[in-house]
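Please keep the sequence and the model open while reading.

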Amino acid sequence: MTGICDGRVVVVTGAGRGLGRAHALAFAAEGARVVVNDLGVGLDGTPDPDSPARLVAEEIRAAGGEALAHGGDIATSDGAASLVRAALETYGRLDTLVNNAGFLRDRMLVNLAEDDWDAVMRVHLKGHFLPLQHAAAHWRTETKAGRTPQARIVNTSSGAGLLGSVGQGNYSAAKAGIVGLTLVAAAELARYGVQVNAIAPAARTRMTERAFADTMAAPSDGFDAMAPENVSPLVVWLGSEASAGVTGRVFEAEGGRITVMEGWRPGPTADRSARWTPAEAGETARKLLGEAETPAPVYGA
Ligand SMILES: NC(=O)c1ccc[n+]([C@@H]2O[C@H](COP(=O)([O-])OP(=O)(O)OC[C@H]3O[C@@H](n4cnc5c(N)ncnc54)[C@H](O)[C@@H]3O)[C@@H](O)[C@H]2O)c1
């Protein structure tokens, strides 16, 4: 197979199902050799006897591509290290990391158990940080040896992380954290030839089929706007050499739509070069709010 990822080696976490599976197949269709990671857990992160990574790797090979299955937990240092090692030992290189694995534990904040907070932070935040760190350590070694790579990381945030989502306080906080991680990683890793971007996708997967049942039905004919395969072309481009110069950005991708998300920036400001009293600070804050743009609504509010 030939395409815009010809010769590249791509790792996709959580690629046994949903969006990750679609990304893995799309990278392979563009010529990449793919390491398909998936621990195979249920919708809430509890163990599941399936081995979806193996099935996706077999699907890629059946279509004439090259793929390797990896069943480790990317939120552990051993799992993340062995994932990067699998790419290097099997294919001799690593070019692109797509951090995608995750699950939900949705509750209203007053009912959210500590374990549901920890599990969601762990899989999304630590599950992005650890593979990123192990991959970055390899790319730093390459750069120091005089072989600066054209490396790419694509992280997975969410509209919940960008705008907030009722019933998803843990998930929204984790996905907002992934945006912060993306910005820092883009700034820190540029010297090692690494570009880091994030997507906020929307697609029909097992994660969303209940929440959006009414809006997400597959059409009987024509364009299936909620198919996960619609998100993957942007991810493949971000993971290829063709995206040179693009780093530290967040894109929403859904159906046929791609949007550059524009983040926090200073709005109306007042500076009196002296300390305010609380009453003065309040009066000034209200005046500035009157001049500022109204924030987009929180999902589900
Ligand atoms: N589907 C959407 O509309 C949507 C919207 C916004 C963000 N996202 C994000 O996209 C990503 C993919 O979601 P999806 O909708 O395809 O869900 P999904 O449940 O279909 O797929 C997620 C996969 O991650 C795997 N996984 C979970 N924990 C893991 C771990 N510790 N190590 C390795 N693999 C693990 C699961 O086994 C599963 O196969 C997630 O990060 C999700 O938060 C999805």
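The text below treats the chain as a whole, then the ligand and its shell, and then several loop positions.

## The chain as a whole

The model is a predicted one. Its chain contains eight helices and eight strands. The radius of gyration is 20 Å, close to the 19 Å that the globule rule gives for 301 residues, so the chain is as compact as a globular protein of that length. Along its principal axes the C-alpha trace spans about 70 × 50 × 40 Å, and buried residues account for 46% of the 301 residues. Of the contacts between residues at least 6 apart in sequence, 71% join residues at least 24 apart. The accessible surface of the chain is about 15000 Å², and carbon and sulfur atoms contribute 54% of that surface.

## The ligand and its shell

Which residues are the closest to the ligand? The shell holds 30 residues, and the closest are Arg17, Asp38, Asn100, Tyr171 and Thr205. By residue class, the shell divides into 12 nonpolar, 13 polar and five charged residues. Several elements each supply at least two residues of this shell, namely α1 (18-29), α4 (114-144), α6 (169-189) and β6 (194-202).

| Residue | Protein atom | Ligand atom | Distance |
|---|---|---|---|
| Arg17 | side-chain N or O | oxygen | 2.8 Å |
| Ile74 | backbone N or O | nitrogen | 3.3 Å |
| Tyr171 | side-chain N or O | oxygen | 2.6 Å |

On its own the ligand has 830 Å² of accessible area, and the protein covers 98% of that area.

## Ile74, a loop residue at the ligand

Ile74, whose backbone provides an N or O atom 3.3 Å from a ligand nitrogen, is found in the loop between β3 (67-70) and α3 (77-91). Is Ile74 buried or exposed? Its relative accessibility is 4%, which is under the 20% cut-off, and therefore Ile74 counts as buried. Leaving out residues up to four places away in sequence, Ile74 touches Thr13, Asn37, Ala80, Leu83, Ala101, Val123, Lys126, Gly127, Leu130 and Pro131.

## Arg107 and Gln168

Arg107 belongs to the loop between β4 (96-98) and α4, whereas Gln168 lies in the loop between α5 (159-163) and α6. Arg107 touches Gln168 as well as Leu112, Asp116 and Gly167, when residues up to four places away in sequence are not counted. With neighbours within four places likewise set aside, Gln168 is in contact with Leu104, Asp106, Arg107 and Ala160. The relative accessibility of Arg107 is 39%, between the cut-offs of 20% and 50%, so Arg107 counts as partly exposed. For Gln168 the relative accessible area is 13%, under the 20% cut-off, and Gln168 is therefore buried.

Gly31 lies in the loop between α1 and β2 (33-37), and at a relative accessible area of 14%, under the 20% cut-off, Gly31 is classed as buried. From C-alpha to C-alpha, Gly31 and Gly14 are 20 Å apart in space and 17 residues apart in sequence, while Arg107 and Gly31 are 41 Å apart in space and 76 residues apart in sequence.

Ser240 has its place in the loop between α7 (232-238) and β7 (250-254). Its relative accessible area is 0%, which makes Ser240 a buried residue. Beyond its neighbours within four places in sequence, Ser240 is in contact with Ile4, Cys5, Arg8 and Arg152.

Ser273 sits in the loop between β8 (257-261) and α8 (278-291). Why is Ser273 counted as exposed? Its relative accessible area is 68%, over the 50% cut-off, and so Ser273 is exposed. The phi angle of Ser273 is near 55°, a positive value in a residue other than glycine.

Note on methods:
Residues are numbered from 1 along each chain as its sequence is written. This is a predicted model: local features need pLDDT of at least 70, side-chain atom pairs count only at pLDDT 80 or more; totals for chains, interfaces and linings use all residues. Side-chain values use heavy atoms; hydrogens and water are left out. Helices (H or I, at least four residues) and strands (E, at least two) are DSSP runs, numbered from the N terminus. Buried means under 20% relative accessible area, exposed over 50%, partly exposed in between (1.4 Å probe, protein chains only). A residue is near a molecule or strand if one of its heavy atoms lies within 4 Å of it. A polar contact is a pair of N or O atoms within 3.5 Å; within protein, one must be able to donate a hydrogen and the other to accept it, and residues adjacent in sequence count only if both atoms are side-chain atoms. Accessible areas come from the Shrake-Rupley method with a 1.4 Å probe; for residues, only the protein chains shown count as cover. Ala, Val, Leu, Ile, Met, Phe, Trp, Tyr, Cys and Pro count as nonpolar, Asp, Glu, Lys and Arg as charged, and the others, Gly among them, as polar. The radius of gyration is taken over C-alpha atoms; the globule rule is 2.2 Å times the number of residues to the power 0.38. Contact means heavy atoms within 4.5 Å.
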